[in-house]
Amino acid sequence: MKKFFNKTIITSSLVLSLFLFGQSILFAQAQRGKITGRVVDDATNEPLTGATVILQGTHMGAGVDAEGKFFILNVPVGSYTLNVSMVGYASVNIKNVEVNIDRTTELSFRLKDKSIQTSTVEIVADRPKVIKDQTSSASTLTEETIKAAPVEGLRGMIDLSTSFQKNSQGDYQVRGSGTNEVSFQINGVEQVNSDNAVPGWGSGTKANNSWKYDVNPIGVAQMQMITGGFNAEYGNAQAGVVKVVMKEGAPKFTGEFKVEYRPQGQYHWGNYLYDKSNIEWQTWGNKDTWMQEKDKATQAAMKDPNSTTLFSIFGLSNKERYGSLYDKIFRTKNATTSEKAQWDSVVNREINWAYDIWTKLHTPSEDNPLGVYDYRTHSYQRYLFGFGGPIGKNPDLLKFFFSGEYKKNPTRLPTPEKDQIYQNYIMTMTSQIIKNHKFKFMAAFQKYVGGLFSGSDDIRWAGLPNTDFSYKYFVSRDPVRTEQTTTQSFNWVYTINNNSFLETTVSHQFEKYELPYKYLLTWYDKNDYLEGSNDPTGTLLVNGPWWQQEYFTKYENIATDFFQDNRSNNWTLSSDYSNQINNVHFLKAGLKLNYWDLRNSGVTYSFLAYAYVGNHGVAEHYEAYPINASFYLQDKMEFDGLIANVGIRTEAYNFQSNAPVDIYNVFYQGTKAPSPTRIGDPDTKPSETKVVVMPRIGLSFPIGENTAFRLQYGHFASMPVFSQALGTSNYLGWSTRGNPDLDPKKTINYEFGLQQLIDKENRLDVAVYYNDRVTQIGTIDVASYTGNSTRPAGYTEDNIPLYYYNYYANNTFGSTVGFEVTLESVSYENLSYRLSYTLSQTMDGAYGLSDLYPENAANLQKRTTSNEHISSWDRTHSFKGMLQYNLKDDEGISLFGIKPFSNSIFSLIYTVQSGTPYTYQTEFDLKDVYNNRRWPLESSFDFNFTKSINYGDIRLILGLRVMNLFDNQWLTPQDNSNYSWANYGITLDEPYNQNTTSYLIYPYRAYRNIPRQIFFTVGVGFN
């Protein structure tokens, strides 16, 4: 590390900070909520000073002050029973008091004199009709809602918010933001993805970078999604925050185990890829075609014995074997009858052998040398469990909750991995053995095995990753990636007094991404000349017309195309202090430190997997030690008619890497530089420290019990992703270089909202918002002496050639204006629903120079306007609705005295959204027309049914989940067919000309989503 902190210094600093400051994951207290209320005499309405409020089953409680008020801080999320008592009064129990993440639950108690009421009063708490302290758009999902929804995991719950949009690669955007702008936290620990780029590519991203969001729902206590701006305690995100709180274990041992299964089948529209009705089988699957090739080769050889024909491809004209026969028949033309018969026998034998090999290579099997298999025979399997409770008789000593999930999901199209394997295991242990001290340890393991580009539900990223040619007979070309994360965190909450607490945590995450080298068979490596005579079990065919290269890509590599070895360690240290100064002011302050140790090696289209120098130059390789520090101060003020969250946050980061001194003459140590005499300037300089200050304010104005207005304004920022700051790619010179001096990406957010109770059962929430994004990151072309030699950029005044490479810069911007309305039920007796609609428009553009030239360049610098246009990811309309109907014990229809649907939940989700924009330009349109048309609406119904059969403390769980219930089809955007679709409504599966390459080769790409899927669930639980 030399110029930078070494690991010993960093570790020592963290330990020292632990004693000086306390260490906690920032936002850790936001996993909890607060309970406030007032206790009065039922007859006189006078405050009952000295009354006691106890949270049953915990050590938490509070006394009532002179105004009759009380508050209980730092309450874990969940449902509780509160007991209020005072000498001379009958006590009151309020059941089902819900505590939500970072919310204040407000209660009111009226105690009666014991002479009037002798027994304890039992009350069931009502859900709050209006969330009075909500100062920005957010939704909280309870354990019951998550379990009942027809979704696979937590990512499915995120999809229920119209503010969240998933792009074609499976990554999330929030209210028009770019990707990588969501802070996703599990028990306060942010799920960091240190590498989301294609290795050695310099641009682009892997598919499915949000796989870590799919946490096992059995272990989830509560989930909250914030989309309308957030308090100062949240950082390094411009758009949204998702907080997941895991269960901690109950005083009693409980558990659940479930198995989910989807039968084998084809999960895309269009023909089976290897159906024998396809064009390749109709031609080369017919032996007559091979014999016709024999006749053509004979005629061609008679005219020109040196021509390339079937005979030369098979080696039959080679002098070592049958050259003498070939010469007599086609050159000297003096072959005898027996020699002609011998020649004909040899040719027929070779053609029969080749036909048999062709058939084997084109027939799916588990031992197919090219990886071709029947993807329809793989079933979906998922195993989930969660159990926990006390260790020993005293739950305060130690209790735990352990949840896990193993999922095997077959890819929709053939891929090298065949099945994507996802695992997550999370263990939480808590102890309150010491009064006023709570200790929590969390350990997590997450692993994903899948293709580099096959991790999305979109058919374009479901396998066979090439948009121009079909790789369906060369499945093994792409690498299989393994991503693995292990997390450990230790949390200590010290309750100083009833008004304040300190929470400290230290955490470590280790990420490992691997794309291993894999040797592939290839025709020039496995010589099959005359295999019929020497090896009747020959493996491969040489390149020939039978591969129909106008349609299919033949096997051509000797190894997979991408390689990577990425190891990163992330240590996080922070401190949070919270103090309820009085009944109005709740003060929070926190400091956070992040340190990364990054090691990455990656290669694209090279066979030197871990070499520093690739076959065309330098392989992507970097070691860096980025740091990030932040501080926030926030005050939550709760008045009768106003709740305000006012705060300020400061963040600073440095990638602790070296940047070139001269970006026009970057040192290039490759063996194939554009000019061997100009290798660039090796001088570098340390990267710069960037600082950003972000004020934030959120206001809520409750009006009675039925109405609340809110206003939110804030500045938000995030670090550039590591690949933009540190990644490189090359081909005969630099192709792309990262920029460690990038400024933070910034957003200014404005929101106005209204909550209105329509009646006692239904609530309306309306939000109008505007997001202004500046200093976003794009690329710029730099004219360099050591750029990519295939991209000439002109000359200097000294007539020295220049070549372009891509360089990352803060030269893009964007904005989103939108309107969101949500109608939902407040009570959840039997029927509950949530309907949400968003109308929005997202714009983006670039500004400044498009090309950068050195001062002595002969070329003029090119300038561009801001060219603002509708974003390619804009979705103008989005509607998502969820309906749930809950039948409790002994409810539902009766059949022969039996109520088969008692203890059941029916759930239905309907989604519809605008299609993606595309450009349709005619000769009459203006020059700069962009994204002026849209693909059709996309809609889907999903259904879920769950039934529990109880036998004492044991319950049997049965479930049926149907995704895309009515087989709705989402048209796949195709750049090369926009005009056909716009003018004629033509799709890939219904073309005007059925001889087009698109129709013949990949009609399955006509619709990008998945046809109907039916999942069956069986499980057992115990209390």
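Trainee: Does Y807 count as buried or exposed?
Mentor: Y807 has 11% relative accessibility, so it counts as buried. Buried means under 20% relative accessible area, exposed means over 50%, and partly exposed covers what is in between, using a 1.4 Å probe and protein chains only.

Trainee: Before I go on, what sort of model is this?
Mentor: This is a predicted model, where local features need pLDDT of at least 70 and side-chain atom pairs count only at pLDDT 80 or more, while totals for chains, interfaces and linings use all residues. Residues are numbered from 1 along each chain as its sequence is written, and side-chain values use heavy atoms, with hydrogens and water left out.

Trainee: Thanks! What about Y805, buried or exposed?
Mentor: Y805 is at 0% relative accessibility, so Y805 counts as buried.

Trainee: How many aromatic pairs are there in total?
Mentor: The count is 61 aromatic pairs. Rings of Phe, Tyr and Trp (its six-membered ring) pair if their centres lie within 6.5 Å; planes under 30 degrees apart count as stacked, over 60 as edge-to-face and the rest as tilted.

Trainee: Which kind of pair do W290 and Y355 form?
Mentor: W290 and Y355 are edge-to-face, with 6.4 Å from centre to centre and 85 degrees between the planes. Helices (H or I, at least four residues) and strands (E, at least two) are DSSP runs, numbered from the N terminus. W290 and Y355 are both buried.

Trainee: And why is the Y805 and Y807 pair called edge-to-face?
Mentor: Because the planes of Y805 and Y807 stand at 90 degrees, with the ring centres 6.2 Å apart.

Trainee: Which rings join into a cluster?
Mentor: Ring pairs connect F253, F385, F387, F400, F402, Y425, F445 and F1022.

Trainee: Which ring does the charged end of K276 sit over?
Mentor: The ring of W281, with the charged end of K276 at 4.7 Å from its centre. A charge sits over a ring if NZ of Lys or CZ of Arg is within 6 Å of the ring centre and within 35 degrees of the ring normal. R737 also lies over a ring face, that of W734, at 4.6 Å from the ring centre.

Trainee: Switching to charges: how many salt bridges are there?
Mentor: The count comes to 58 salt bridges, each being a side-chain nitrogen of Lys or Arg within 4 Å of a carboxyl oxygen of Asp or Glu.

Trainee: What does K212 pair with?
Mentor: K212 bridges to E511, and their closest N and O atoms are 3.0 Å apart. K212 is in the loop between strand 13 (189-190) and strand 14 (220-226), while E511 is in strand 22 (residues 500-515), so this bridge ties together parts 299 residues apart in sequence. K212 and E511 are both buried.

Trainee: How far apart are R331 and D327 in helix 7?
Mentor: R331 and D327 are four residues apart in helix 7 (residues 323-331), so about one helical turn separates them. They form a salt bridge with closest N and O atoms 2.5 Å apart. R331 is partly exposed at 38% relative accessible area, and D327 counts as partly exposed at 25%.

Trainee: At what angle do helix 5 and helix 7 pack?
Mentor: About 75 degrees, with the axes 8 Å apart. Axes are lines fitted to C-alpha atoms, for helices over the stretch in contact, and angles run from 0 to 180 degrees between N-to-C directions. That makes helix 5 roughly perpendicular to helix 7; angles under 35 degrees count as roughly parallel, over 145 as roughly antiparallel, 65 to 115 as roughly perpendicular and the rest as oblique. T298, A301 and M302 of helix 5 meet Y326, I329 and F330 of helix 7, where contact means heavy atoms within 4.5 Å.

Trainee: Last one: what is the phi of N187?
Mentor: N187 has a positive phi of about 55 degrees, although it is not a glycine. Most residues other than glycine have a negative phi. N187 lies in the loop between strand 12 (182-186) and strand 13, and at 8% relative accessibility N187 counts as buried.
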